[in-house]
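Work through the following exercises with the model at hand. Each task is followed by a solution in steps.

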Amino acid sequence: MKFILAFSICSAITGFCNNTATIETPYNTWTECVNGGASLTTKFTETFEERANKEKLYVTYFCNEIKKEIT
C-alpha cells in the first residue's frame, strides 16, 4: 500500500482552514506518512514562526491510502 499526505493551514483565531493540499510523493507505509505530516508541521512552524504566532496558525494533516484501480 502507498499513502498520500494531505494537509491544510488553519487559523485558531478565525476557525478558517485553507483548501487541502497534498504532497505528491507517496509514502510506503502509514507511519512514514504520519511522520511526514509531523515533519511538515515542524518545518512550517519554524519557517513561519512570527506569522504563526501572530495569526495562531496550525497545520492539520491526514494520510489517504492510494487504492489501485482494478482492471
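**Exercise 1.** Among contacts in the chain between residues at least 6 apart in sequence, what percentage join residues at least 24 apart?

Solution. This is a predicted model, in which local features need pLDDT of at least 70, side-chain atom pairs count only at pLDDT 80 or more, and totals for chains, interfaces and linings use all residues. Residues are numbered from 1 along each chain as its sequence is written, and side-chain values use heavy atoms, with hydrogens and water left out. Take a contact as heavy atoms within 4.5 Å. Of the contacts between residues at least 6 apart, 62% join residues at least 24 apart.

**Exercise 2.** Find the disulfides, taken as pairs of cysteine sulfur atoms within 2.5 Å.

Solution. Step one: the count by this rule is two. Step two: C10 is joined to C17, with S to S at 2.0 Å, and C33 to C63, at 2.1 Å. The second pair links distant parts of the chain, since C33 lies in helix α1 (residues 30-47) and C63 in strand β3 (residues 57-66), 30 residues apart. Helices (H or I, at least four residues) and strands (E, at least two) are DSSP runs, numbered from the N terminus. Step three: the C10 and C17 link is right-handed, at 105° about the S-S bond, while that of C33 and C63 is left-handed, at -105°.

**Exercise 3.** Is C17 buried, partly exposed or exposed?

Solution. Buried means under 20% relative accessible area, exposed over 50%, and partly exposed in between (1.4 Å probe, protein chains only). C17, at 32%, is partly exposed.
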